[in-house]
Amino acid sequence: MSKFAWVTLTTNDTYSLGALVLAHSLKRAKTAHQLAVLVTPNVSQAMRDRLKEVYNVVQEVNVLDSQDAANLALLSRPELGVTFTKLHCWRLVQFEKCVFLDADTLFFADWSTADIKKHLPFVYNVTAYASYCYLPAFKQFRDKIKILHFAGKLKPWLIQFNSETKVASVSSEYAHAQDLIQLWWNIFCENVIQSLS
Ligand code: UDP
Ligand code: MN
């Protein structure tokens, strides 16, 4: 078994939906490595059971809070103090190498052929919700994305989704990312939803 792991974090049942889709997107990209998720006490037992179906390691950790209200207010994201909990990743010493991915990312194939030894190029952390000056690069590298990150408040699981047509309704502001948001929902519908019902 691989000594390397992809690691993510979830502190509640909502971010866990992101973690489930992330695990399936890594499997779709045929990763050879192990999957590990850090969970905090707030994550329900039912959700941990779902996570165990796709993650090799479901590790409970205590919440670490940056307590940096001033800077979080600058981001308008007061809830992100708990993201310090990511630091527990360093304690997964059973692995030789870990790559931490946010629970709001998706992963695309061809990872193994790319050189990430020296730096992380644009295509390794493409932000779905681009500001206008970012759009030219987004368009240029659209077909070469390795990791897509839904950074920002509007997570794919919060976007309106029609369960009959299976189409996500994306406002015009995010129209350039419509197909990527739809991809998140496709993975959710094809791989995750049945394990939740
Ligand atoms: N996270 C979490 N619970 C929270 C907020 C964040 O588990 O309430 C974790 C989750 O893995 C998430 C990461 O911390 O992907 C970073 O937060 P987020 O992705 O919301 O930040 P952004 O990418 O929008 O800056
Ligand atoms: Mn994120």
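## Basis of the description

A residue counts as buried under 20% relative accessible area, as exposed over 50%, and as partly exposed in between, with a 1.4 Å probe and protein chains only. By this scale Asp104, at 3% relative accessibility, is buried.

This is a predicted model, in which local features need pLDDT of at least 70 and side-chain atom pairs count only at pLDDT 80 or more, whereas totals for chains, interfaces and linings use all residues. Residues are numbered from 1 along each chain as its sequence is written, chains are lettered from A and ligands numbered from 1 in the order in which they are written, and side-chain values use heavy atoms, with hydrogens and water left out.

As a reference, ideal angles are 109.5 degrees for four tetrahedral donors, and 90 or 180 degrees for six octahedral ones.

Because Asp104 lies in the loop between strand S4 (97-100) and strand S5 (105-107), while His149 belongs to strand S7 (residues 147-149), the pair ties together parts that are 45 residues apart in sequence. Helices (H or I, at least four residues) and strands (E, at least two) are DSSP runs, numbered from the N terminus. His149 is buried, with a relative accessible area of 14%.

## The surroundings of ligand 1

Ligand 1 is surrounded by 17 residues, the closest being Leu9, Thr11, Tyr15, Gly152 and Lys155; a residue is near a molecule if one of its heavy atoms lies within 4 Å of it. By class, this shell around ligand 1 holds 6 nonpolar, 6 polar and 5 charged residues, where Ala, Val, Leu, Ile, Met, Phe, Trp, Tyr, Cys and Pro count as nonpolar, Asp, Glu, Lys and Arg as charged, and the others, Gly among them, as polar.

Oxygen atoms of ligand 1 lie 2.6 Å from a backbone N or O atom of Gly152, 2.9 Å from a polar backbone atom of Ala103 and 3.0 Å from an N or O atom in the side chain of Asp104. The protein covers 90% of the 510 Å² of accessible area that ligand 1 has on its own, with areas taken from the Shrake-Rupley method with a 1.4 Å probe; for residues, only the protein chains shown count as cover.

## Side-chain contacts elsewhere

Asp179 is placed in helix H5 (residues 178-196) and is partly exposed at 40% relative accessibility. The side chain of Asp179 makes a polar contact with the side chain of Arg142 at 2.4 Å. A polar contact is a pair of N or O atoms within 3.5 Å; within protein, one must be able to donate a hydrogen and the other to accept it, and residues adjacent in sequence count only if both atoms are side-chain atoms.

His88 lies in the loop between helix H3 (69-74) and S4 and is buried, with a relative accessible area of 6%. The side chain of His88 reaches the backbone oxygen of Asn62 at 2.9 Å.

## Positive phi angles in loops

Most residues other than glycine have a negative phi. Gln67, in the loop between strand S3 (57-60) and H3, has a positive phi near 50° and is exposed, with a relative accessible area of 68%. Ser76, in the loop between H3 and S4, has a positive phi of about 55° and counts as partly exposed at 41% relative accessibility.
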